[in-house]
Amino acid sequence: MFLAFFLALRAAGVKASLREFLTLQEAMVQGLAGFDVEHFYYLARATLVKDERFLDKFDAVFAEHFKGALSPQPEAAGEVAPQEIPREWLEKLAEKLLTEEEKAQIQSLGGFEALMETLRQRLEEQKGRHQGGNKWIGTAGTSPFGAYGYNPEGVRIGQEGSRHRRAVKVWDKREFRNLAGDAELGTRNMKIALRRLRRFAREGAAEELDLTGTIRSTARNAGYLDLQMVPERHNAVKLLLLLDIGGSMDEHIHLCEQLFTAASSEFKHLKHLYFHNCPYETLWRDARMRAADVVSTTDVLHTYDHTWKLVIVGDAAMSPYELLSPGGAISSWNQESGQTWLKRILDAYPKAAWINPAQERLWHYTQTTRLIAELMEQRMYGLTLEGLDQAMRRLMH
Amino acid sequence: MRFEGTDSFVATEDLKVAVNAAVALERPLLIKGEPGTGKTVLAQEIAKALNRKLISWHVKSTTKAQQGLYEYDAVSRLRDSQLGDPRVHDIGNYIIRGKLWDAFEAETAPVLLIDEIDKADIEFPNDLLLELDRMEFFVYETRQTIKARQRPIIVITSNNEKELPDAFLRRCFFHYIKFPDRETMQRIVDVHYPGISHLLLHEALTSFFELRELPGLKKRPSTSEFLDWLKLLLAEDIGPELLRERNAARLIPPLHGALLKNEQDVHLFERIAFMARRG
């Protein structure tokens, strides 16, 4: 059971499949979770989550979903005595949660009446054993009741209060938060980010001689030569990187620069150029922005053709003049506005993405960030694992 | 038959649940985690705890899925045919068994470790889907089907260098070994160095976790490095007092070479120490 939990997980973006859900059922039937919520949590986690990025989401959904079921409410525990569950309520619940097959299965167990009767008996028993009836039907699959005992609105599963508090902590700690895909990039997940950038592109129909294959098939061919060809594998990605430096985001920009440089073996060519706040008629070859390192933007556009992919890294936050009016640049007099130049650059490179190290929720508050995102046709991504991933995907297609 | 950890391996509760679920349901167990948290050791320990044979298949970037099943050595057959060796008439003589075959044919179900599966080509896990699912494969050259006598316990480790295909993941149990907290670390040390002075351990743990928390560190030291460092401290007979001396000049822990493997990290420490001295 736990269908609602499964659906909540999927809704939260944890891509658990039906097969994994069935595996969980199978494990429950074998009694692997025992009668321990914590074990159930571990079991469900091992079964349904296959990527550490989703562990945090899983913890959040688990905590949210079983909140009513697990948090002990000392006063309430006394008043909601087991035998007081309204029958119609249980029936309605079962109606809502059970499929046709499951209903048929219930019939085979002696029908709904019998089931409810036994359930009530069981509850009575449990009340007898535990004062106050705090311990209710368990979650393990061997009993026919565990499954139906569950309900999102508040039928309790599990054990005594003290245990819950300890158990709840495990997922409430949210220990996997920094593994989540939307966490900001730091040294910890830099390596993972690097791997995301390593995307292979097989291009063209060119073939090369497969030496091992040729030897093998020649040998199989009893010594008569049999040539084998394989498609040539090479990385054809050419990347033009424009970095905004000389602002509050320098640290992040450098992080980004290092990131791409570290991945440069994966690109056929990687070219860095620098600008301040907004690209105008000149760019710099060096981060120190000395006059000797100036290159004309027009030259750049002519040197690197449209097959290059463009990545701009910057916070896109500046005074509106710097973007919108001629002469608005703070470092020199510009004949044409930053917006014109940006458009020109974007026209030259259809495959482009803007990586913005500023926190995503703040973008909205800066006018120029909004304007640039618009100019970029919303191809602006955060400096997070997920952002990089999306940006790379966007560049490849 | 449940896995409860061994006297040389501390298994946390969540790890035990994952291992036992994988053993009971006969599904592969995929293990990820920071380097040095005992991913590979886990398979050895499961084998030891459950008294099974361990078959390790270490995957490299050039490893093909087929190599785990079998290889047909056509070249030596060609050579034998030219030399007139009578063995050449039986193609079975040139079939070399792979690790999976060994695991399938074992008397009692062994533990099969597929180590660092992410090192291989991106198609590697996909190529093994059917074999791991049905636990059988077909040898074309000899026209025989190899079926597993018992389903082996399969432990797969990954370092996240490549993403694994969804179809593959759906068939596995997954466990992420998180970095041990202080309490677990203490238990791990107790297992490896029983009788270590409590004072020394306390100071060492404090230094170690402080060091791990330092922002900007390129490579944070792992469990195995911590154990190495402790061994060094014991060998050099360095007392807890020396570790406790956390004044400016002594900010870098003694014998830090065991913990910091990166020149830049050592520099970072030296810079901080220098700044602390000035301030």
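Modeller: A quick word before we start: two strands count as paired when DSSP finds at least two bridges between them. Keep in mind that this is a predicted model.

Biologist: Got it. In which sense do strand β1 and β9 of chain B pair?

Modeller: β1 covers residues 29-33 of chain B, and five bridges join β1(B) to β9(B). Two bridges would be enough for a pair, so five will do. As for direction, the sense of this pairing is parallel.

Biologist: Which strands sit at the edges of the open sheet in chain B?

Modeller: That sheet has five strands with parallel pairing, in the order β2-β5-β8-β1-β9. Neighbouring strands in it are turned by 20° against each other on average, ignoring direction. An edge strand here pairs on one side only, and that holds for β2 (54-58) and β9 of chain B.

Biologist: How confident is the predictor in chain B, as a mean pLDDT?

Modeller: In chain B, 95% of the residues reach 70 or more. For the model as a whole, the scores are ipTM 0.79 and pTM 0.59. The mean pLDDT of chain B is 84.

Biologist: What share of chain B is buried?

Modeller: Chain B has 13 helices and nine strands. Among its contacts between residues at least 6 apart in sequence, 75% join residues at least 24 apart. Out of 279 residues, the buried share is 31%.

Biologist: Which element gives the largest share of the side of chain B that touches chain A?

Modeller: The contact takes 25 residues from chain B and 26 from chain A. On the chain B side, α1 (13-25), α4 (74-83), α8 (166-170) and β9 (173-177) each supply at least two residues. By class, that side has 14 nonpolar, four polar and seven charged residues. The largest share, eight residues, comes from α1(B).

Biologist: Over to chain A. At what angle do the axes of α2 and α3 cross?

Modeller: Helix α2 (residues 18-29) and helix α3 (residues 37-48) of chain A have axes that come within 9 Å. Residues making the contact include A:Leu24 of α2(A) and A:Leu43 of α3(A), and by class there are five nonpolar, two polar and one charged. The crossing is right-handed, and its angle is roughly 145°.

Biologist: Which residue of β4(A) is the bridge partner of A:Leu242?

Modeller: Strand β3 (residues 238-244) of chain A is mostly covered, with six of its seven residues buried. In β4(A), the bridge partner of A:Leu242 is A:Leu273.

Biologist: And A:Gln335: is it buried or exposed?

Modeller: A:Gln335 lies in the loop between α16 (320-324) and α17 (338-348) of chain A. Beyond four places in sequence, A:Gln335 is in contact with A:Glu281 and A:Pro326. A:Gln335 has 10 other C-beta atoms within 10 Å, and the cut-off is 12 or fewer, so A:Gln335 is exposed.

Technical notes: Residues are numbered from 1 along each chain as its sequence is written. Chains are lettered from A and ligands numbered from 1 in the order in which they are written. This is a predicted model: local features need pLDDT of at least 70, side-chain atom pairs count only at pLDDT 80 or more; totals for chains, interfaces and linings use all residues. Axes are lines fitted to C-alpha atoms, for helices over the stretch in contact, and angles run from 0 to 180 degrees between N-to-C directions. Helices (H or I, at least four residues) and strands (E, at least two) are DSSP runs, numbered from the N terminus. A crossing is left-handed if the near helix is turned anticlockwise from the far one by less than a right angle, and right-handed if clockwise. Two residues are in contact if their C-beta atoms, placed from the backbone, lie within 7 Å. Ala, Val, Leu, Ile, Met, Phe, Trp, Tyr, Cys and Pro count as nonpolar, Asp, Glu, Lys and Arg as charged, and the others, Gly among them, as polar. pLDDT is the predictor's confidence in each residue, from 0 to 100. A residue is buried if 20 or more other C-beta atoms lie within 10 Å of its own, exposed if 12 or fewer, and partly exposed in between; C-beta atoms are placed from the backbone.
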